[in-house]
Amino acid sequence: MYKNLINGEWLEGHSVSRNINPSDTRDLIGEYAQADAAQADLAITAATAAFPAWSLSTPQQRFDILDAVGTEILARRAELGDLLAREEGKTLPEAIGEVVRAGNIFKFFAGEALRPGGESLPSVRPGVGVEVTREAIGVVGLITPWNFPIAIPAWKIAPALAWGNTVVFKPADLVPGSAWALAEILSRAGLPAGVFNLVMGRGSVVGERLLHDPRVAAVSFTGSVATGQKVAAACVSRMAKFQLEMGGKNPMIVLDDADLGVAVNAAVNSGFFSTGQRCTASSRLIVTDGIHDRFIAAMVEKMKALKIDDARKAGTDIGPVVDASQLGQDVDYIGIAKAEGGTLAQGGERIETNADGAPGFYLTPALITGTTPEMRINREEVFGPVVSVIRARDYEHALALANDTPFGLAAGIATTSLKHATHFKRHSQAGMVMVNLPTAGVDYHVPFGGRKGSSYGPREQGRHAAEFYTTVKTAYTQA
């Protein structure tokens, strides 16, 4: 039994959830506590009580704790990566890379604790000085998804603590193992009781308490659009601060002048790695006429060589889908695309067992060609290894197609034209733009976020995270 951490104590929940390995569904990783509403209230109470002292803690104290957490995460990268791959299904190299990212995030925000910034300005009135500073906002509720079970918690928890907030953290039900491991590291790092609380449980129980309790000053959420809209409505109703990272239907343009090898590698990485379960995945490939057929042929050959197997096995390129529900959604969307006139050019086949005969949630990456912009496969987020292709006449047509979406998280272009690359970076209606790179590679020290229906509120990561986790104070002094 893996327990919840509330006010510095490990507490059993009112029920348990079973954490299953999607590479081998016979493998039970562990049973994790599920909190009820009373435990969620207890955690909020603890965080509220701990806030006054923690918000006034020294930058050195916060640096030491966050730096120690980052150091331990990096030292245990192989162990934690293995756990992550086992419970979520991304390949072991990808999982270790995510753990390293989490460790680096904690170390980055340890440094930010020492440099909160501020301004000292002269007033327009003689003899008056002005100071502009940032202060912690209070208790922060953090709600994270299953697809990056240690990196996304890290980029929410680390800045919240760095700037003196207290935290109530609700991870995704589906992958509690990495979140629990991170919480266990934090529990030994020197944090006062109540500063950080792990409350595993259902969103309808724990999440609801975080949304509606007036003691929770802010909520940071990453997940589905539908749930994000509920978060927004609840927070607006009581004037709480909120931050949303939601869906994407990210385009990658491939122009006639692209380097074919670069374009194919970027598209395969963007669309299929991490089993396509990334909000930054390029699920729409927009390919101009002159290169279209050659590109499709090269994509199919590249995809045929991908090895689909147990996420932790050496040489695996694509691991399993995270669970049966997500697998069903992926298969359904492939069927919808075919029914609407798309052609399944490659993949899309259910694999019942891995190479060792273990049952798992395996699907060969699917490439669907001959699609048009209005098809559901090009409008709705699938969140799996399913990529559609739209043919474009030229760059201008491709740009219009890329921006024709209610989302705006990431966008990419493959081209050797400086003119088109420069124009696309300025005119793409996305928060993050990649040129000749996969759309799914984002550094830990720079802003993360999108536009339109993908994101709301200040950016996550980097120094821009201060916009959400602090409030600005202006103070005047008469000399």
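The bend at a residue is the angle between axes fitted to the seven residues ending there and the seven starting there. Helices (H or I, at least four residues) and strands (E, at least two) are DSSP runs, numbered from the N terminus. The model is predicted: local features need pLDDT of at least 70, side-chain atom pairs count only at pLDDT 80 or more, and totals for chains, interfaces and linings use all residues. Residues are numbered from 1 along each chain as its sequence is written, and side-chain values use heavy atoms, with hydrogens and water left out.

The protein contains 14 helices and 24 strands. Its C-alpha trace spans about 70 × 60 × 40 Å along the principal axes. The radius of gyration, taken over C-alpha atoms, is compared with a globule rule of 2.2 Å times the number of residues to the power 0.38. For 479 residues a compact globule would have a value near 23 Å, and the protein, at 23 Å, agrees. Buried means under 20% relative accessible area, exposed over 50%, and partly exposed in between (1.4 Å probe, protein chains only). Buried residues account for 56% of the 479 residues. Contact means heavy atoms within 4.5 Å. Of the contacts between residues at least 6 apart in sequence, 73% join residues at least 24 apart.

Helix H10 covers residues 289-304. The expected span of a helix is 1.5 Å times one less than its number of residues. The 16 residues of H10 should therefore span 22 Å, and its end C-alpha atoms, 24 Å apart, agree with this. H10 bends by about 25° at Phe295. Phe295 is also one of its buried residues, with Ile291, His292, Ile296, Met299, Val300 and Met303. These buried residues pack against helix H9 (260-272) and against strands E12 (250-254), E13 (282-288), E14 (343-346), E17 (366-371) and E18 (386-392).

Two strands pair if DSSP finds at least two bridges between them. An open sheet of 7 strands has the order E14-E17-E18-E13-E12-E20-E21, with mixed pairing. E14 and strand E21 (432-435) stand at the edges with a single partner strand each, so one side of each lacks a neighbour in the sheet. The twist averages 25° from one strand to the next. Axes are lines fitted to C-alpha atoms, for helices over the stretch in contact, and angles run from 0 to 180 degrees between N-to-C directions. Within the sheet, E13 and E18 run parallel and are joined by 5 bridges. Leu285 has Val389 of E18 as its bridge partner. H9 packs on the sheet, touching E12, E13, E17, E18 and strand E20 (410-414). The direction of H9 makes about 170° with that of E12.

Elsewhere, strand E5 (residues 119-122) pairs with strand E6 (residues 128-136) in the antiparallel sense over 4 bridges. Pro122 has Gly129 of E6 as its bridge partner. E5 and E6 form a hairpin with 5 residues between them. In the turn, Gly127 has a positive phi of about 75°. E6 also runs antiparallel to strand E24 (residues 470-478), joined by 9 bridges. Here Val132 stands opposite Thr474 in E24.

Two non-glycine residues with positive phi deserve mention. Asn7 has a phi of about 55°. This residue lies in the loop between strand E1 (4-6) and strand E2 (9-11). Asn7 counts as partly exposed because its relative accessibility is 40%. Thr275 also has a positive phi of about 55°. Thr275 is found in the loop between H9 and E13. With a relative accessible area of 1%, Thr275 is buried.
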